[in-house]
Every structure is written in C-alpha cells, then in structure tokens.
Amino acid sequence: MRKTDILIIGGGPAGLAAAVGAYEAGARDILILDREERLGGILKQCIHNGFGLHTFKEELTGPEYAQRFIEKVLAYQIPYQTETMVIDVSSDKVVTCVSRQNGLERIQAQAVILCMGCRERPRGSLGTPGERCPGIFTAGTAQKFTNLEGLMPGKEVVILGSGDIGLIMARRMTFLGAKVHACVELMPYSSGLKRNIVQCLDDFGIPLLLSHTVVDIHGREHLEGVTVAQVGSDLKPIPGTEKYFPCDTLLLSVGLIPENELSEMAGVKIAPSTSGAVVDEQLQTSVPGIFSAGNVLHVHDLVDFVSEEAMKAGANAWRYIRHELPQGGRKVPVEMGFGVGGIVPQFVSEDARDKVSFMFRPRNVYRNARVIVELNGEQVYAKKAMILAPGEMVNLSLPAEKLAGLKEAESILVRIEVPEA
Amino acid sequence: MKYELTCINCPMGCRITADYDGKEVTNIQGYTCARGKAYAQTEITDPTRMVTALVGVEGTHAPLSVKTRSPIRKPLIFDALRVIRETTVRPPVRIGDVVVENVCNSGVDVIATENIEA
C-alpha cells in the first residue's frame with residue numbers, strides 16, 4: 001500500500017494552508033488530494049476583491065489569494081494529485097481514492113487533515129412549493145457558471161437569501177448585464193456583511209426585502225416567475241401580501257453546510273452546533289491523528305481565518321506524528337453560555353500548552369457587550385465588544401497562563417454579557 | 001442637502017449623517033472613528049469602487065478574471081465594464097499583467113488576477 005506521513009483531503013484554502021503549515025513545521029512527506037482539475041477550491045470562482053486583509057495586508061481577489069498559497073506549495077515541492085476523489089477514510093487512517101490516472105488506490109497515512117470545505121444548502125432543503133423547473137441555482141453554482149465557464153444562467157433574476165454569496169452574485173449578474181429584481185430574506189436582518197449590502201445591492205438600487213420569502217415557483221419548461229410574500233414574526237407567510245416577480249433565474253443563498261461524509265466514515269464525532277467535527281485545541285478530532293480545519297470544521301466569514309486555522313492543523317499533524325502532542329490526558333469540555341453558538345474547539349486538553357484560541361458565532365446582535373471566559377465559575381478572561389452579530393465570528397486567543405487552573409477544572413464556560421436594559 | 005450613509009469600512013456599519021451644499025461636506029455625525037469620517041467625505045463628494053470583471057481568452061470559453069488596480073469613480077463603472085467585456089487576451093497571462101490600460105481615462109489600469117498557461 002502507498003504510504004504518506006500527512007494526507008490532506010481537499011486543495012482549497014484550508015488544504016493548501018494545512019500543507020504549508022505542516023511543511024513549515026518540519027514535515028516533508030505530505031500529499032494533497034483534490035477532486036477538481038486545479039488547486040484553489042472555491043477561491044477560483046470568487047473573482048471579487050476583499051480577501052487577505054489580515055494575512056497579506058492587501059485586498060486581493062480570490063484567485064490571487066489562492067495563488068499566494070499555491071506558489072508556496074510549489075516552492076516547497078509538496079506533492080498534490082488533482083482530479084482525485086476520496087471515497088473513504090478509515091479510523092486507522094487508510095484513505096481510499098479514485099482517479100482516472102491511478103484508478104482505485106489505498107493510501108496509508110500517519111495523520112489525515114480533513115479540509116473538504118462546505119457546500120450550499122440546496123432548494124430541496126427549503127421545502128419551497130411550486131414547479132421543479134430549470135432556472136433555479138444555488139448562488140455558488142451560478143458563480144461557477146459566470147466566472148469559470150463564461151456562461152450566463154439568465155437575464156431576469158430574483159435572489160432568495162441574503163448570504164454573502166447571494167449579495168456578491170447580485171452585483172456580478174448586474175455587471176454582466178442581467179436585471180436583479182430583488183433580494184428576498186426570510187429573517188428581519190441580513191446574514192451578509194453590511195459592506196456587501198451597500199456595495200452589491202444599494203449601489204445598483206436592488207431592493208432587499210427583509211422578512212419576506214418565496215412562497216411559489218412558476219414555470220413548466222423553464223422558470224417564469226416567483227411569488228414573494230411577507231412573513232410574520234413566526235416566519236410564516238402573511239396571506240394577502242403575495243407579490244409576483246417575473247424572472248428566468250432564481251438564485252439561492254440560504255446557508256452553507258460543512259461536507260463531513262468522509263469524516264463520519266472515519267468515525268469522527270460531529271458537533272450539532274457547528275455541523276463540523278468535535279475537536280480539541282490542537283484541532284484534532286475524536287479519532288487520534290485525524291485533524292480538521294476550514295469550512296468543513298465550521299463555516300468561516302473570512303478566508304484569512306481559514307488559512308490561519310489550517311496552518312495550525314498542519315503543524316499539529318506533524319507534532320502528532322512526532323509524539324509531541326499531549327495524548328491521552330483528560331479533555332476539559334467547553335460550554336456555551338449566554339449568546340454563544342457554534343464554539344470551536346469543544347474540548348481543551350488539561351495539559352494544553354501555548355495559547356488556546358476559541359471561535360464562535362454570537363446568537364444575536366449585542367451592543368456594548370463583553371465576552372467572558374470562566375474556569376470553575378471564576379472569570380479568567382474578559383474582552384469588550386462594541387457590537388457582536390451572528391454574521392461576524394468572534395475570535396479569542398487566551399495565553400496559557402490564563403488557563404493555569406485547567407487541571408482542576410470541570411469545564412470552561414464562554415459567555416456574552418450584555419448591559420442591563 | 002442631507003445625506004444618510006452606512007459606513008462600509010468595518011462590521012460596525014455606522015449610520016452616518018452629513019450635510020452637503022455641493023461644495024463642502026459638513027455636520028458629519030454618527031461615525032465612531034476617523035475612517036468613518038473620511039468615508040462620509042469621499043462617499044458624498046466622489047465615491048469610488050474597485051471593479052472586478054471577466055475578459056475573453058482566445059482559444060477557450062473559460063474567461064480570465066481581472067480587476068481595476070485601484071478603485072475607480074463610481075459613475076465610470078458601467079463604461080469600464082463595457083470596455084472590459086469587449087477585450088480578449090491571448091495566453092499566457094500572469095497575475096498583474098495589464099489587460100486594459102487607463103480604462104475610460106480613469107488613470108487606472110485593468111490587470112489580470114489569475115494565471116493562464118500558454
């Protein structure tokens with residue numbers, strides 16, 4: 001059987017950074033597998049700017065950001081195999097993959113890093129009634145058509161959901177000559193970044209219909225229009241508020257789902273709050289030697305943080321192989337207190353060295369709040385935040401000395417404190 | 001005239017109000033940092049945006065992604081897009097290669113943002 005020290009599944013931003021992180025930590029026997037023709041993952045089709053402000057102090061486009069990491073992978077001569085689909089990962093780290101070049105292959109790795117990213121929530125998961133006609137795309141699929149294939153999905157567009165990909169596609173379709181009639185959002189607020197609402201909708205006079213949803217889809221041979229209605233505080237359509245929008249294209253931007261089928265095959269435990277792997281502060285999953293990073297672990301807002309996380313996973317995979325990671329010790333669970341959702345990591349090793357970072361999503365919009373970390377009911381860390389919102393992930397970094405009491409701790413509590421009204 | 005803006009510099013998304021008499025922006029309120037104040041100034045007098053777009057590539061249907069090297073004035077966006085759309089390039093192309101010089105006399109070049117092998 002073919003062997004490698006570190007096998008990385010996925011050659012997108014996470015996989016590339018994991019490889020770079022592993023190499024820079026000392027690993028030399030690394031292999032990246034990716035199912036597409038070229039490295040770069042989703043960044044290849046994200047041709048808009050706004051990437052890399054943290055990492056490179058420049059505002060790059062997606063392809064430019066990816067290229068920075070691809071060039072490192074090439075310079076380090078890290079092997080990669082594209083057009084290779086991983087179909088199984090076992091708990092003893094045997095990875096099964098298929099490719100035209102090598103057929104079916106089994107590779108024994110000493111450590112595996114899961115970097116499969118996420119996929120878009122499809123129409124089927126929404127339960128929207130109406131015809132199942134052509135003309136309905138997830139925003140990312142439409143983005144692939146326009147930006148990579150040079151194809152236009154349609155000319156008269158309605159967008160359901162106001163996630164960032166939907167907003168970015170509202171502008172792209174406008175730039176390419178289409179008319180975007182509306183962006184329809186179920187919630188009373190947008191999940192997209194404010195700057196994207198201004199730059200992608202307001203700039204072109206595209207209405208953002210908050211507390212609205214698509215209640216019917218019309219057209220047999222092809223999409224002809226959608227019916228949009230206002231929703232109440234129970235998120236149910238209000239009868240009598242229906243409005244018909246003729247369109248030939250409906251784009252969906254209604255959420256992202258980490259792609260963890262392979263993780264589950266390997267027996268990796270999945271956290272309900274992130275739909276990603278349960279990991280410790282080293283980004284090691286419940287299966288020793290299997291690590292996870294990037295959008296497959298939890299959906300990020302910024303690629304910069306994906307790269308940072310994946311570099312850490314790469315370095316830790318090498319330390320695992322070298323027996324330099326704390327193994328077998330007790331793991332202290334991290335609990336989510338008021339206002340905290342989707343925390344990563346879910347466990348911290350009691351003998352954790354270095355600094356420990358926590359990332360989570362606020363459950364709501366909180367102003368003049370404080371983020372607090374408690375150990376055994378005692379506050380060990382607090383940070384002020386002018387504004388916290390579900391659309392912006394919170395990133396905390398605790399120096400090891402703050403967690404000196406970890407050995408005696410039952411749990412770590414992370415919570416948000418808001419001023420009394 | 002009274003202006004109401006949402007600052008796009010950071011997640012705070014400050015609601016900024018200001019007065020503009022056609023010459024001077026005055027009475028800027030609601031910003032919480034210097035960047036917000038500066039944003040209100042340019043956004044009212046002469047707003048600019050980065051433009052990213054696609055150009056054709058000889059011998060393939062797959063387009064090349066490009067961007068303006070720096071932000072251009074907002075009223076120029078659609079003229080610039082028209083010029084960019086009519087452009088095709090011949091591989092090889094490297095990131096940073098100039099695809100359109102001084103697009104629409106904006107003083108800004110349009111450059112490639114990905115590599116295409118010959």
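**Figure 1. Left-handed crossing of α4(A) and α5(A) in the predicted model.** Helix α4 (residues 139-149) of chain A passes helix α5 (residues 164-175) of chain A in a left-handed crossing. The two axes come within 9 Å. They cross at roughly 35°.

**Figure 2. Residues at the contact of α4(A) with α5(A).** From α4(A), the contact takes in A:Ala139, A:Gly140, A:Ala142, A:Gln143 and A:Thr146. From α5(A), A:Ile165, A:Gly166, A:Met169 and A:Arg172 meet them. By type, these residues divide into four nonpolar, four polar and one charged.

**Figure 3. The buried side of α4(A).** A:Ala139, A:Gly140, A:Ala142, A:Gln143, A:Thr146 and A:Asn147 are buried. Why do they lie on the same side of α4(A)? They cover an arc of only 155° around the axis, so they share one side of α4(A). An α-helix has 3.6 residues a turn, so residues three or four places apart point the same way.

**Figure 4. Surroundings of α4(A).** Within chain A, the buried residues of α4(A) pack against β9 (118-120), β10 (136-138), α5 and β17 (249-252). Chain B also takes part, through β5 (52-57) and β6 (60-68). Just after α4(A), A:Gly150 takes a positive phi of about 70°.

**Figure 5. Chain B.** Two helices and 10 strands make up its secondary structure. Along the sequence, the pattern is β-β-β-α-β-β-β-β-α-β-β-β. Buried residues make up 31% of the chain.

Terms used:
Residues are numbered from 1 along each chain as its sequence is written. Chains are lettered from A and ligands numbered from 1 in the order in which they are written. This is a predicted model: local features need pLDDT of at least 70, side-chain atom pairs count only at pLDDT 80 or more; totals for chains, interfaces and linings use all residues. Axes are lines fitted to C-alpha atoms, for helices over the stretch in contact, and angles run from 0 to 180 degrees between N-to-C directions. Helices (H or I, at least four residues) and strands (E, at least two) are DSSP runs, numbered from the N terminus. A crossing is left-handed if the near helix is turned anticlockwise from the far one by less than a right angle, and right-handed if clockwise. Two residues are in contact if their C-beta atoms, placed from the backbone, lie within 7 Å. Ala, Val, Leu, Ile, Met, Phe, Trp, Tyr, Cys and Pro count as nonpolar, Asp, Glu, Lys and Arg as charged, and the others, Gly among them, as polar. A residue is buried if 20 or more other C-beta atoms lie within 10 Å of its own, exposed if 12 or fewer, and partly exposed in between; C-beta atoms are placed from the backbone. The arc is that of the directions from the helix axis to the C-beta atoms.
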